[in-house]
Every structure is written in structure tokens, then in C-alpha cells.
Amino acid sequence: MVYKFRAILDAEEDIFRDIAILEDDTLEDLHNAIVNAFGFDGTETGSFFTCEDDWTWNEEDEIPLFDTGDVPGEMRTMVDFKINDLLHRDNTKMVYVYDFFSMWTFFLELAAIEEKEDGESYPALLFSHGELPEEAASSGFRGGDLSNDDIYGDFEDDLDEDDMDMFDGDDSFEDFGYEDNNWN
């Protein structure tokens with residue numbers, strides 16, 4: 001059987017690729033297909049993340065390209081999983097992250113399972129929409145840059161401008177008893 005996926009880049013613009021791949025290909029084959037479909041050079045690593053259910057994109061288990069565990073061979077990697085081991089009619093979603101410095105994040109959804117067509121080679125890029133931006137989006141879904149976000153939310157400290165008057169005026173710290181300290 002052929003599994004047809006839509007790989008959607010987490011970005012403000014609609015950017016996606018439709019990929020067909022054989023059901024008994026590995027996640028490493030799917031990784032390579034995504035890398036090629038989006039035009040990456042393939043020098044960075046990536047990971048797939050299973051989703052806890054078919055209704056959300058909440059990540060569950062990580063499946064890396066390489067074994068990064070403390071004990072070699074203990075961690076299962078992409079090459080250890082066939083696509084049909086994890087994805088089927090009842091479980092159609094995964095998240096894929098490429099390049100952990102840039103955090104290119106993709107939502108993968110199984111769109112169809114069809115018979116293999118004679119004469120076709122797989123994996124195959126079926127459709128391409130949108131251009132890859134120069135930098136990964138920082139949407140905050142995973143690994144986004146939150147530096148401009150208000151990390152305190154609606155926190156209210158019950159202080160107003162009058163409470164800050166104690167800091168106005170003299171910057172000499174003499175009133176705190178530091179004039180007697182000798183740091184030499």
C-alpha cells in the first residue's frame with residue numbers, strides 16, 4: 001500500500017508538500033522525503049513525535065534520527081519503525097522537527113492509503129504549495145522564540161507609580177549603609 005501524507009510547515013503562510021511513500025518504508029525514508037521535498041540540504045538531524053490522539057497535535061513520544069541515549073542501542077530510532085507501525089486509519093498524525101537550532105516544525109497528516117501504482121517509484125513528491133521562508137517561524141508551538149511575549153501574562157503586583165518613588169533621586173546608596181564598606 002501507498003501512504004499519502006500532507007506535510008504542513010508551521011508558518012504564517014500556507015506551505016505544504018504532499019508525499020507518497022510505501023507503507024513498509026521506514027520513518028528515516030519519510031524523513032529523507034520531507035527533507036528533499038522542502039529543499040533542505042540534509043545536513044541536520046530531525047525527530048518525529050507521535051501524537052497522543054487523532055484529535056490533537058499534542059506530542060507524545062520522540063523518535064530521533066540517531067540514538068542519543070546514554071546506552072548505545074537502547075533507544076529506538078527512525079530506522080526501527082516502518083510507517084505502518086505508527087500510522088494507520090485510526091492514528092493519522094505526527095509532528096516532525098528538522099534542525100533543532102532552527103526548529104523547522106511540520107504537521108504530518110495521513111491523507112490516504114491507496115494501492116501502489118505500477119511503474120511509479122516511491123517516495124514521490126505529489127504536490128508542492130508555497131515557498132520555504134529563509135528562517136523557521138517562531139510560532140511558539142514548539143521551540144518558538146518567546147522573548148517578545150509577556151511571560152507574566154496578566155500578573156498584577158498591586159504596585160503603582162507612587163510605590164516606585166523610593167527609587168527616585170539620589171543614586172548613592174548611602175541610605176542603605178554601604179558607605180562604610182571598603183572594597184579595596
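Me: How many bridges join β5 to β6, and in which sense do the strands run?
Reply: Six bridges join them, and the strands run antiparallel. Two strands count as paired if DSSP finds at least two bridges between them, so β5 and β6 qualify. The strands themselves are DSSP E runs of at least two residues; helices are H or I runs of at least four, and both are numbered from the N terminus.

Me: What kind of model is this, and how are residues numbered?
Reply: It is a predicted model: local features need pLDDT of at least 70, side-chain atom pairs count only at pLDDT 80 or more, and totals for chains, interfaces and linings use all residues. Residues are numbered from 1 along each chain as its sequence is written, and side-chain values use heavy atoms, with hydrogens and water left out.

Me: What makes β5 a mostly covered strand?
Reply: Six of its six residues, 93–98, are buried. Buried means under 20% relative accessible area, exposed means over 50%, and partly exposed lies in between (1.4 Å probe, protein chains only). Lys93, Val95 and Val97 point one way, Met94, Tyr96 and Tyr98 the other. In a regular strand the side chains alternate between the two faces of the sheet.

Me: Which strand pairs with β5 over five bridges?
Reply: Strand β3 (residues 46–51) does, in the antiparallel sense. Ser47 has Val97 as its bridge partner, and Phe49 stands opposite Val95.

Me: Why is Thr50 called buried?
Reply: Thr50 has a relative accessible area of 9%, so it counts as buried. This residue of β3 touches Asn58, Glu59, Glu60, Asp61, Ile63, Leu86 and Met94, leaving aside residues up to four places away in sequence. Contact means heavy atoms within 4.5 Å.

Me: What is the strand order of the open sheet?
Reply: The seven strands run β4-β3-β5-β6-β1-β2-β7, with antiparallel pairing. β4 (59–64) and β7 (124–129) each have a single partner strand, so one side of each lacks a neighbour in the sheet. Neighbouring strands are turned by 25° against each other on average, direction ignored. Helix α1 packs on this sheet, and its direction makes about 145° with that of β2. Such angles run from 0 to 180 degrees between N-to-C directions of lines fitted to C-alpha atoms, for helices over the stretch in contact.

Me: Why is Glu114–Lys4 called a salt bridge?
Reply: The term asks for a side-chain nitrogen of Lys or Arg within 4 Å of a carboxyl oxygen of Asp or Glu. Here the closest N and O atoms are 2.6 Å apart, so the pair qualifies. Glu114 lies in β6 and Lys4 in β1, so the bridge ties together parts 110 residues apart in sequence.

Me: How do you know that Arg6 and Asp18 form a salt bridge?
Reply: Their closest N and O atoms are 2.7 Å apart. Arg6 is in β1 and Asp18 in β2, so this pair links parts 12 residues apart in sequence. At 31%, Arg6 is partly exposed; at 15%, Asp18 is buried.
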